[in-house]
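Please look over the sequence and the 3D structure shown here before reading the report that comes after them.

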Amino acid sequence: MIQGRGSGVLLHMSSLPSPFGIGDMGEGAYRFADFLAEAGQRFWQTLPVHPTAPYYGHSPYMGLSAFAGNPLFISHEPLLREGLLRTDEVGNPPSSPDGRIDFSRVTTFKEQMLGLAWRRFSNRRRGPLVDQWEAFCRDNDDWLGDFALFTALRRRFHSTGWSDWPTGIRDRAGDEIRAAEKDLAKDLKKTTFIQFLFFRQWEALKQYCNDRKILIIGDMPIYVGHDSADVWSHPELFQLDHNKKPSVVSGVPPDAHGKAGQLWGHPLYRWNELEKTGYDWMIRRITHILQSFDLVRIDHFRGFVNYWEVPAAEKTAVRGRWVDAPADDFFTRLLERVPEGSLLCEDLGVSPPDFREVMNRFGFPGMKVLLFAFGKDMPDNPHILHRHRANSVVYTGTHDNNTIRGWYDGDASPRDRSRLSRYLGKKISAGDLHWDLIRLAMMSVAGTVIFPMQDVLGLGQEARMNRPGTGEGNWMWRLTDGQLKPGLAGRLRKMTALYGRRG
């Protein structure tokens with residue numbers, strides 16, 4: 001349980017202001033941290049920061065690694081100061097007329113920038129930066145080498161999925177892997193250097209935030225994508241067939257939100273194999289994330305208790321079954337290795353008794369979402385303010401929801417609007433509704449409240465981050481420099497102080 005009352009803002013790294021087409025760990029990130037401090041906020045929550053891929057729609061929930069950082073978030077500014085780049089080499093950054101992310105152009109630009117930095121660095125024989133890089137490689141050798149080789153092989157095979165690579169490479173035959181490591185040695189070093197830059201910049205940004213009493217909340221998808229370094233390097237931990245393709249995949253069954261359920265398509269874990277190792281890979285994954293974040297939200301937490309298993313050949317999630325996972329044993333071992341109160345749980349949706357028992361037994365905070373509160377079951381809805389519990393994290397909305405304004409203008413029924421008006425005890429003004437719901441969240445008995453930056457700004461559905469079930473047009477919204485106005489921080493600070501949530 002998080003101690004004390006606090007509030008914070010949800011804003012992904014990609015959405016930060018930056019002149020380089022995508023948010024990064026440069027000046028815009030530090031200005032945003034200053035805004036949070038001025039506004040009296042205690043938390044900055046992000047989405048997962050793993051490398052993404054175009055064929056997954058650049059979804060941060062389908063990363064290419066459970067350990068690596070996204071090179072697109074590396075800022076040029078420290079590289080200029082360290083002599084790894086020249087000013088004229090970053091003078092023509094990508095842009096888009098609507099301010100949204102053009103992932104193709106951004107990727108090309110960042111790869112060129114990091115390639116130049118690597119060539120200059122690789123000519124250095126010694127020095128503090130070289131020593132730090134070598135120490136980073138030693139400290140992260142349990143995942144870094146596999147990720148570097150996976151990255152180089154993806155480039156060699158033109159981003160073909162690893163299960164379609166030549167059999168010896170696919171199956172990690174010793175002689176062929178050693179030959180590949182020798183042939184691709186320079187590429188491997190380049191990738192380790194880029195990861196070194198990412199985590200070096202992240203550590204500096206996190207320290208800046210922590211010095212201002214701001215804690216960073218990370219986000220961990222429960223599953224990893226099939227085309228990832230983790231599944232390739234640890235196939236024994238995943239339910240794969242003889243061709244190393246998933247035999248069963250992830251999803252959730254049909255419910256009120258969809259007659260076909262949701263078919264996510266991740267490979268599922270072999271929990272019996274994880275158990276044999278004391279859950280070593282999973283525990284290393286979570287402890288690694290907690291080295292970069294102060295707390296971590298586990299997405300689809302229910303999958304650690306029981307998960308929906310769908311045969312890989314199915315086109316929908318209808319024909320699946322619930323399978324139990326060894327939750328008690330796993331979390332007992334995990335909590336011996338991680339700080340108390342460092343885990344938050346996404347527990348939205350149907351909540352069977354065994355799932356709730358696990359959360360209560362280990363004291364994990366769950367989530368409440370105000371935009372879910374004003375349906376026909378409103379008096380008894382668990383998301384409504386008077387049903388909240390102290391050990392909860394309350395959101396106005398999440399990255400998967402519409403914004404408050406977008407919900408009110410487009411998704412809410414007339415009855416939803418009427419119920420909301422009666423609950424607030426006032427006639428609703430659409431222009432101020434986002435402040436009404438932020439205030440409502442602040443009033444909650446829950447210890448922690450989080451609001452997406454889009455809701456702080458009162459933006460409409462054009463600023464929505466993700467539309468579940470759609471593969472294109474997501475994860476592209478960006479904050480602009482002019483939107484972080486002093487009056488905005490002041491208004492948020494006063495409300496934060498009024499409800500006892502000052503950072």
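## Basis of the model

This is a predicted model, in which local features need pLDDT of at least 70 and side-chain atom pairs count only at pLDDT 80 or more, while totals for chains, interfaces and linings use all residues. Residues are numbered from 1 along each chain as its sequence is written, and side-chain values use heavy atoms, with hydrogens and water left out.

## Two helices in contact

Helix α15 (residues 414–424) packs against helix α16 (residues 433–443) at an angle of about 55°, and their axes are 12 Å apart. Helices here are DSSP runs of H or I with at least four residues, strands are runs of E with at least two, and both are numbered from the N terminus. Axes are lines fitted to C-alpha atoms, for helices over the stretch in contact, and angles run from 0 to 180 degrees between N-to-C directions. The angle makes α15 oblique to α16, where under 35 degrees counts as roughly parallel, over 145 as roughly antiparallel, 65 to 115 as roughly perpendicular and the rest as oblique.

On the α15 side the contact (heavy atoms within 4.5 Å) is made by L420, Y423 and L424, and on the α16 side by L433, D436, L437 and L440. Helix α16 is mostly covered, since 9 of its 11 residues are buried, with buried meaning under 20% relative accessible area, exposed over 50% and partly exposed in between (1.4 Å probe, protein chains only). Among the buried residues of α16 are W435, I438 and M442.

## An open antiparallel sheet

Four strands form an open sheet in the order β5-β4-β7-β8, with antiparallel pairing; two strands pair if DSSP finds at least two bridges between them. Because β5 (262–267) and β8 (321–324) stand at the edges, each with a single partner strand, one side of each has no neighbour in the sheet. From one strand to the next, the twist averages 45°.

Strand β4 (residues 248–252) is joined to β5 by 3 bridges, and V249 stands opposite P267 in β5.

T46 lies in the loop between β2 (43–45) and α2 (77–81), and at 1% relative accessibility T46 counts as buried. Leaving aside residues up to four places away in sequence, T46 touches several residues, including L10, H12, D219 and F293.

R172, in the loop between α6 (167–170) and α7 (174–183), has a positive phi near 60° although R172 is not a glycine, and R172 counts as partly exposed at 27% relative accessibility. K244, in the loop between α9 (229–233) and β4, has a positive phi near 65°, and at 18% relative accessibility K244 counts as buried.
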